[in-house]
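Thank you all for coming. I would like to walk through the model on the screen, chain by chain, and then finish with the cavity.

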Amino acid sequence: MAPWRSRMGLEEKLPSGIVLTSVEKLAGYMRKNSLWPATFGLACCAIEMMAAGAGRYDLARFGMEVFRASPRQADLMIVAGRVSNKMAPVLRQIYDQMAAPKWVIAMGACASSGGMFNNYAIVQGVDHVVPVDIYLPGCPPRPEMLMDAILKLHDQIYAEKLGPNREKVIKEVELAAMNALPIHQLKGLLA
Amino acid sequence: MNANPYIPILAIAAVGFGFAVFSIAAAAFTGPARYNRAKMQAYECGIEPSPQAAEGGRFPVKYFLTAMLFIIFDIEIVFLYPWAVTFDQLGLFGLVEMAIFIGTVFVAFAYVWRRGGLEWD
Amino acid sequence: MTQDQQGAFGASSTGDTSGYGGLTQAALNIGSSQRPFGGYFDQVADDLERAYPDFADAIERVVVDRGELTLHIKAARLVDVALILRDKLKFEMSMGVSGVHYPDDKDRELHAVYHLLSITNNQRIRLEVSVPDTNPHIPSLVEVWAGSNWNERETFDMFGIIFDGHPGLTRILMPDDWQGHPQRKDYALGGIGVEYKGAVIPPPSDRRSYK
């Protein structure tokens with residue numbers, strides 16, 4: 001099967017300018033306005049995610065009530081719950097099988113950092129396995145908190161750049177990260 | 001008034017066909033193609049799909065058999081519906097004829113049964 | 001079986017102001033209970049003796065404690081006793097296999113505990129089998145109670161007790177290539193220190209010495 005002929009889409013090949021900015025805005029608007037989540041409810045946070053999709057805290061107002069069972073039809077993976085060491089390769093496989101563009105919300109303390117389970121069995125944060133766009137703390141986060149995270153993700157998606165603008169942003173972020181102080185040298189309230 | 005009344009249907013069929021062709025062509029030309037190994041594999045709830053034989057061995061044949069047998073016997077049932085509707089008019093002739101029909105399909109059913117086509121594992 | 005334990009938790013090297021350092025937990029020494037056992041336990045023991053003449057040979061100890069009957073059985077005789085219990089005494093249901101690890105009990109470190117329920121007679125008893133760590137083999141009860149299949153896999157995964165005759169003894173909770181048996185007393189809890197700005201908080205297992 002390899003080598004596959006990969007290619008970028010048309011929107012990545014536009015030159016920087018007013019056309020690209022308009023296409024960015026249009027693509028961002030389209031992409032954020034009906035994100036389809038993939039079901040990755042693992043534990044207690046899944047209950048709150050279901051509640052967010054149910055009647056009172058309605059995710060259907062964003063077009064997101066369709067939780068796709070198949071990753072091939074989903075753009076957003078909400079990792080809701082603790083990920084055990086046995087589940088980690090499954091999580092990665094599902095993430096790989098999603099089609100780009102895709103985003104990940106780490107919902108809850110266990111998905112963000114391992115939560116209260118600091119032991120041999122639980123992965124200490126799903127960012128060890130998949131790249132995460134929004135970390136949502138809480139144990140479990142209320143449905144309103146999940147919706148706030150989704151809205152912040154919407155803003156992030158709307159602001160995403162394409163083509164040469166994106167490469168510029170990637171370079172800037174990388175430079176900032178390389179020059180930033182490591183965490184163990186930061187001084188906070190505990191120092 | 002003298003125009004053929006089926007012209008609008010032809011027109012809408014052409015529009016539908018053109019829309020489908022345009023969508024597929026536009027996606028093929030302007031869309032990205034980012035492949036990776038996991039995307040090319042069958043989806044099996046996150047685990048490696050089984051069996052990993054050659055390309056043809058990727059899909060267990062029992063699913064195909066079940067689908068095929070269902071189609072055949074479902075169509076047989078569909079053929080029984082008109083007989084049920086006109087049961088009185090057809091009378092004895094209908095009964096004998098349908099018995100021959102069901103008997104013919106039954107031969108195929110018995111063959112599948114004896115050859116193990118109905119075993120799932 | 002164990003020694004007296006001094007102190008529940010608390011620092012033993014520096015001054016302990018919690019007060020828990022002075023607690024003493026008595027040693028766990030289990031002897032055999034004497035007849036009459038009370039309740040339906042006498043009837044169960046009598047029926048078992050009648051149905052299984054080698055009763056005294058197979059049973060190491062009978063313990064009646066807090067209203068519960070425990071039969072300590074030799075590992076080699078486990079399947080016979082289980083069959084008698086299932087067929088003659090009508091203990092149709094096994095609630096599973098639990099593992100226990102006593103690291104101080106030389107040659108009897110690993111215990112497997114079976115909880116049996118008789119639905120017809122509304123009776124519950126417990127079977128306990130002890131094996132040494134150097135030879136942790138217990139006959140499998142999958143042919144007696146089919147539901148023991150996954151329970152025995154879990155006990156193998158967590159404690160390392162190998163069930164002879166099991167149709168497929170593999171890990172069930174941990175990943176397939178995991179080393180070690182997590183629920184043993186000498187298996188560390190794991191966990192990593194958490195970095196904050198200016199400090200690293202150690203994982204819970206390293207924060208204080210639990211006895």
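From the N terminus on, the elements of chain B run α-α-α-α, which is to say that chain B has 4 helices and 0 strands, where helices are DSSP runs of H or I with at least four residues and strands are runs of E with at least two, numbered from the N terminus. The radius of gyration of chain B, taken over C-alpha atoms, is 24 Å, well over the 14 Å that the globule rule gives for 121 residues, so chain B is more spread out than a compact globule; the rule itself is 2.2 Å times the number of residues to the power 0.38. Along its principal axes, the C-alpha trace of chain B spans about 65 × 65 × 20 Å.

Please keep in mind that this is a predicted model, in which local features need pLDDT of at least 70 and side-chain atom pairs count only at pLDDT 80 or more, whereas totals for chains, interfaces and linings use all residues. Residues are numbered from 1 along each chain as its sequence is written, chains are lettered from A and ligands numbered from 1 in the order in which they are written, and side-chain values use heavy atoms, with hydrogens and water left out.

How do the chains meet? With contact meaning heavy atoms within 4.5 Å, there are 2 pairs of chains in contact, and chains A and B share the most contacts. Chain B and chain C, on the other hand, do not touch, and their nearest C-alpha atoms are 13 Å apart.

Turning to chain C, we find an open sheet of 5 strands in the order 3-4-7-6-5, with mixed pairing, two strands being paired if DSSP finds at least two bridges between them. Strand 3 (59–65) and strand 5 (93–101) of chain C stand at the edges with a single partner strand each, so one side of each is left without a neighbour in the sheet. On average, neighbouring strands of this sheet are turned by 20° against each other, direction ignored; axes here are lines fitted to C-alpha atoms, for helices over the stretch in contact, and angles run from 0 to 180 degrees between N-to-C directions.

Helix 4 (residues 148–159) of chain C lies across strand 5 and strand 6, running at about 5° to strand 5 of chain C.

In chain A, 4 strands form an open sheet in the order 1-2-3-4, and the pairing is parallel. Strand 1 (37–38) and strand 4 (134–136) of chain A stand at its edges, each with a single partner strand, so one side of each lacks a neighbour in the sheet.

Finally, the cavity, by which I mean a set of points on a 1 Å grid over the protein atoms alone where a 1.4 Å probe fits but cannot get out, lining residues having an atom within 4 Å of a point. Helix 1 (residues 18–33) of chain A gives the most to the lining of the largest cavity, with 4 residues, and among the lining residues are A:Glu24, A:Arg31 and A:Trp103.

Notes. 1 Å grid on protein atoms, 1.4 Å probe; cavity = no way out; pocket = protein on both sides within 12 Å on 5 of 7 lines; lining within 4 Å.
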